[in-house]
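The following paragraphs accompany the sequence and the structure shown here.

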Amino acid sequence: MTAHTVAVTPDPANGAALRFATPFNAAVPFIDRHLAEGRGTKTAILTTTGQDVSYAGLAAAVNRYGNALKGLGIGTGERVLMVVKDCPEFFFVFWGAIKAGIVPVPLNTLLTSGDYTYMIDDSAAAAIVWSPEYDATVREALAQAARTPAHLLPQDRAAALAAEASDRLEPYPNEAEDDCFWLYSSGSTGSPKGAIHRHRDMVVTSQQYGIGVLGMREDDICFSAAKLFFAYGLGNAMTFPLWLGATAVLAAERPTPQMTFDIFERFRPTLYFGVPTLYAAQLAAIEGGAVCDTASVRWCVSAGEALPADIFRRWREKTGATILDGMGSTEALHIVISNRPDRQKPGTSGLMVPGYEARIVGEDGAPLAAGEAGALQIRGGSTARGYWNLPEKTAATMQDGGWLDTGDTYRIDGDGFYVCEGRSDDMMKVGGIWTSPVEIEACLIGHPKVLEAAIVGRKDDAGLIKPEAWIIRAEGVTDGAAALQEELHSHVKSNLAPYKYPRWWKFVDVLPKTATGKIQRFKLRS
């Protein structure tokens with residue numbers, strides 16, 4: 001095999017077999033390959049600001065940024081933190097670092113200075129690059145850090161260094177199993193953890209899910225409302241289109257319903273990637289009179305949290321488009337269980353993505369029978385090597401035999417579809433029976449006066465756990481708390497088992513969430 005190439009043997013049933021050359025640097029098949037295959041003049045990146053980039057322009061910029069980082073003396077395997085918005089520079093820094101043998105670490109751009117201080121200290125990074133929008137927050141974080149990175153690179157300085165660097169760069173001779181990049185977990189259950197991904201991992205997700213499930217093509221235009229800084233968005237808006245030689249649409253703005261509708265109209269994407277909260281907000285806008293033209297969209301995708309069946313049905317009814325809900329994680333890098341173009345079941349996460357395996361186990365670690373809820377573990381070629389500096393957490397999560405403990409509770413229904421019951425530490429034992437917060441939330445979201453809902457366990461006066469509901473009213477709903485509580489109470493009791501109705505109700509304007517849209521129930525419990 002030629003250096004830095006991947007041999008792909010298609011197998012729709014079991015996932016493509018992938019064989020990696022030695023050496024292997026992921027930047028070559030994702031960036032350089034397109035020049036050899038004649039895509040140099042094709043548009044790789046479209047932006048809402050008009051800063052469009054061809055594949056030839058992308059390759060040259062990647063080389064310049066890689067050389068600029070090397071020129072600073074940043075060594076092989078050292079980390080470069082990225083607080084960079086969704087823009088072409090994200091691609092330039094990320095792939096430039098990888099091609100130079102340096103490890104990029106994209107960070108959530110919505111975090112506080114305290115969060116960045118933690119990651120600066122935890123990562124022991126050699127450099128940090130940031131967009132101008134985050135200058136004050138990053139500098140405050142640096143002032144609080146115990147150890148300041150040697151190289152501080154606001155985006156204009158990074159660009160100036162790259163402009164002076166060569167546009168030719170030999171790929172560092174990594175291997176497919178070598179460390180390539182990190183992603184910090186979104187913190188749905190506490191402090192973020194640095195998940196270490198290998199050079200092979202982006203290839204696996206792009207081939208097994210991007211091609212194997214979505215059927216992506218070179219002529220696709222991908223728009224992800226979910227941002228590049230976390231695993232779901234990284235695949236949607238960068239690695240999948242780059243693997244196929246397709247085109248990505250980038251928008252640095254905060255995703256709002258109107259922003260997404262404008263992009264549908266202006267760029268005519270063929271694949272759209274959202275999260276359940278945004279789909280709910282988009283539906284509210286459509287039902288309020290906004291125009292949403294999804295005629296160009298072949299498939300919509302959802303991940304980050306279980307998509308309620310009601311949102312699936314209403315979206316198809318209002319737009320004519322179908323949402324393929326799926327389940328993935330930072331540690332797995334992208335979606336590993338998914339509804340498919342030819343098989344969908346509302347209210348489920350779908351079926352296994354070819355190339356991945358799953359098992360559902362009880363508290364003793366033994367596999368459970370179909371229909372029984374337990375801990376979901378998955379195995380596949382894109383799972384992280386481990387967590388940085390956390391050997392005990394790594395051993396507990398990345399288990400023997402290549403199994404990854406997802407931290408989610410699942411069951412398999414009678415049709416073989418995987419049904420999410422929530423995070424394992426969010427499950428409640430009510431009246432001696434394990435109860436899923438997701439099931440109660442889905443019931444509440446099905447009521448027209450509810451926009452979002454979160455359920456947590458709370459102890460009553462007798463010290464027994466019962467459900468507590470946190471509710472965001474739908475737009476235009478002005479019902480008083482007492483009247484709405486009574487109405488929702490009756491709604492739940494008429495649709496679910498009697499013990500599952502919430503005993504306490506809180507009506508709020510916002511719910512705490514991770515960047516991926518997952519509700520942080522641990523914050524509600526505290």
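Arginine 268 is partly exposed, at a relative accessible area of 30%; by the convention used, buried means under 20% relative accessible area, exposed over 50%, and partly exposed in between (1.4 Å probe, protein chains only). This arginine sits in the loop between α9 (257-267) and β13 (271-274), where helices (H or I, at least four residues) and strands (E, at least two) are DSSP runs numbered from the N terminus. The phi angle of arginine 268 is near 50°, a positive value in a residue other than glycine.

The model is predicted, so local features need pLDDT of at least 70 and side-chain atom pairs count only at pLDDT 80 or more, while totals for chains, interfaces and linings use all residues. Residues are numbered from 1 along each chain as its sequence is written, and side-chain values use heavy atoms, with hydrogens and water left out.

A positive phi also occurs at histidine 4, where the angle is near 70°. Histidine 4 belongs to the segment before β1 (6-9) and is buried, with a relative accessible area of 9%. A further backbone feature is the cis peptide bond between threonine 22 and proline 23, with omega about -5°. Proline 23 lies in the loop between β2 (17-20) and α1 (27-36). As background, most residues other than glycine have a negative phi, and most peptide bonds are trans.

Strand β2 also holds arginine 19, which is exposed at 52% relative accessibility. Its contacts (heavy atoms within 4.5 Å), not counting residues up to four places away in sequence, are with Met1, Thr5, Val6 and Ala7.

The chain as a whole contains 15 helices and 27 strands. Its radius of gyration is 23 Å, close to the 24 Å that the globule rule gives for 526 residues, so the chain is as compact as a globular protein of that length; the radius is taken over C-alpha atoms, and the rule is 2.2 Å times the number of residues to the power 0.38. Along the principal axes, the C-alpha trace spans about 70 × 50 × 50 Å. Buried residues account for 58% of the 526 residues. Of the contacts between residues at least 6 apart in sequence, 66% join residues at least 24 apart.

The interior can be described through its nonpolar cores, each a set of buried Ala, Val, Leu, Ile, Met, Phe, Trp, Tyr and Cys residues joined through side-chain atoms within 4.5 Å. The largest core has 135 residues, of which Phe91, Phe94, Trp95, Met202 and Leu444 touch the most other members. Helix α8 (residues 231-244) gives the most to this core, with nine residues. Beyond its neighbours within four places in sequence, phenylalanine 94 contacts Met82, Pro104, Pro106, Phe181, Met202, Leu234 and Met238. A second, separate core comprises 19 residues, among them Val103, Met119, Ile120 and Val138.

Finally, serine 206 is located in helix α7 (residues 201-211) and is buried at 0% relative accessibility. Neighbours within four places in sequence aside, serine 206 is in contact with Phe30, Ile211, Thr239, Phe240 and Trp243. Leucine 244 is 38 residues away from serine 206 along the chain, and their C-alpha atoms are separated by 8.5 Å.
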